[in-house]
Amino acid sequence: MTGWMHVLQFLKINRMTGRRMNIFTKIMIVIVIMLVPIVVMYNSSNKISTDVVEKELLQVNLNRLRLFVGQMDAEADRLWKAAYVVAKDPDVVQLQFRASSDPVYTWLQAKKQVQEKLDLQSSTFEWSNKLTVYSPPSGVVVSTNWKQQYDADYFRNPVQDHWDYRLITTERGSEQAFLRQLITPFDPKEMPENPSLYVEVTFSAENLVRMLDRLMQGSAGSAFLFNPNFEPILPSDMDRAQMLEMSRIFADMKADELGKEGSVKLKFRDEEYLVNYAASDALGWYLVDFVPMTQVLKPIDQSKYMFYAASGLLLLMGISSVALLYRHVQKPIYELIRAVKSLRRGDYGYRIAHWPSNEFRYLIEQFNLMSQDTQELIDKVYTEQLRAKESSLKHLQAQINPHFLYNNFAYIQSMAQLDRTKAIVAFTQHLSQYYRYTTRTEQQLTFLSDEMDLIRNYLEIHRMQSERLQYAEQIEEGMMSLLLPRLLLQPLIENAVVHGMEGKKGEFHILITGRRTADGCELLVEDNGIGMKPDELAALRYSLQQSTSLSHSIGLRNVHQRLRHYFGDSSGLRIEHSPLGGLCVGLIIKDGGGSNSNV
């Protein structure tokens, strides 16, 4: 919108002043002239590509129908071949020669064997089907369809050369099904005068309905199976009235003009449809698919709309480019005015980022240099203050380190006098790892896992000197990657050992707990030591907030101040009585504050 306003403003000025056409107007005309041939060429190529894509889409849909019909015919042929397998089975052949004088149990045994084989043969197919064997000489019937009545009258008009579509009775009731009968002795040209065996294969039309349902998944069309002599077979979830109307329209087409497969365009309910069809050689039915032409051409129309949108975007970009030319003159002046106002408000860090390559460049560079010099003079004072604060922090951090060095040497000396080499090795390993970590000052931040390694070494050093010291840790999973300043947790442990363990008889326990909270996390150090009186605890809490403190609480005060410095004023130490009997000192870290708010 800003670009259009600039262009209209300059056109209005030109008309009022009677000037010749300026460069902004000329560029606009050039952009429009460039877009016209592009649009004309696209319309021509779009028509050609539409025809090509339409043919390809037709072929894709037709191939889809061919695949469906091929699968349907293949399954039907497999069922028909099963009739030959059944007819050649020795037990089935023996049914023809069973005499009425044979014992009843012999008949029952023979029928049971045939029944089991028919059930086994029927279960090998994807389609639900029925297999029936009837022997006219012996009058024996064996079938997987125990609801249908089979006798000589039923087989009076057998169908051997094609699949017949008729109503049969099954355990599910009356239903439409395809059936075909193999008659022995087999003669493909004519019916034998005295048949010795009938093998009937039937499969329900529901099998084809399920295949149609799978075909319709993700399809924009309406598919059904059509035979002019029967009611069409429709998918289960389609509008039946609409599908029957479509089948009537397809039935009006002449069969000799259709052929085995093809595609035609028909009008249905004032909308043009692309009708693809393919004939089934096995069943003699057509698979018909009605697809709205709007769905077929939808990708092409979307491509056309995208081109027009891109053309409009190109035109908009051209207008924006014209506006940029205007900004190279007027915008620098506005930026200088804004910069001067910012300096007057005390914002000495303001810089002009837009540097046009014209006469304004030198003026803007000099203004930025002047603003930079002013900012540097002011920053020097703050920098010195920050350096002094950081130096103070490092000094306070150094004060946290070894208070027990001489005691450790005394322990090593006593162990050496007792010739306890293994204890000396273990002790010195813990001691060396402890001092390796505490003397490494180049890194101010570390992970909680590193801090816990330090704590374990520190506590193992004390535990080796006093076996009554026991410790445990309960830190939530994932907290070991917490980032925090070094040597924050160690003073809390040292305070518990030095002050809590003195005067405590029996075992001394320390529990280190870490958990997430709603607004951050907390690390707690609890002990079962002698604890503190209420007035002493209140005095200790008060001393944490003071700039100077008593010597016995300087370590805790330093930790409290470092927490507030790194994580903000809402973070710090929390000191209270522990359920274990001693003190509970916690590092409370709040999210969203301090110089390390992502912790």
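The structure is a predicted model.

Side chains of opposite charge can pair when their charged atoms come close. In this model, the count of salt bridges comes to 21. One of them joins the side chains of R64 and D289, with a distance of 3.6 Å from N to O. Because R64 belongs to helix α2 (residues 23–88) and D289 to strand β9 (residues 286–292), the pair ties together parts that are 225 residues apart in sequence. The two partners can also be described by their accessibility: R64 is partly exposed, with a relative accessible area of 24%, whereas D289 is buried at 0%.

Helix α2 also holds a pair within itself. E75 forms a salt bridge with R78, and their closest N and O atoms are 3.1 Å apart. The two residues are 3 places apart in helix α2, which means that about one helical turn separates them. E75 has a relative accessible area of 8% and is therefore buried, since buried means under 20%. R78, at 39%, counts as partly exposed.

A further salt bridge links R166 and D164, whose closest N and O atoms are 2.8 Å apart. Here R166 is partly exposed at 22% relative accessibility, while D164 is buried at 18%. Salt bridges may also form a network, as they do among K130, E171, R172 and E175.

Attention now turns to a loop. Q148 is found between β2 (140–143) and β3 (164–170). With a relative accessible area of 19%, Q148 is buried. Its side chain reaches the backbone nitrogen of T169 at 3.0 Å. Apart from neighbours within four places in sequence, Q148 is in contact with Y154, I168 and T169.

Several residues of α16 are buried, including L556, V559, L563 and F567. Just after α16, G568 takes a positive phi of about 105°.

Finally, the cysteines may be considered. A disulfide is a covalent bond between the sulfur atoms of two cysteines. The count of disulfides in this model comes to 0. C521 is buried, with a relative accessibility of 3%, and C584 is buried, with a relative accessibility of 3%.

Terms used
Residues numbered from 1 in each chain as written. Predicted model: local features only at pLDDT ≥ 70, side-chain atom pairs only at ≥ 80, totals over all residues. Heavy atoms only, no water. Buried < 20%, exposed > 50% of the residue type's maximum accessible area, 1.4 Å probe, protein only. Helix = DSSP H or I, 4+ residues; strand = E, 2+ residues; numbered from the N terminus. Disulfide = S-S within 2.5 Å. Polar contact = N/O pair within 3.5 Å; in protein donor to acceptor, adjacent residues only side chain to side chain. Contact = heavy atoms within 4.5 Å. Salt bridge = Lys/Arg side-chain N within 4 Å of Asp/Glu carboxyl O.
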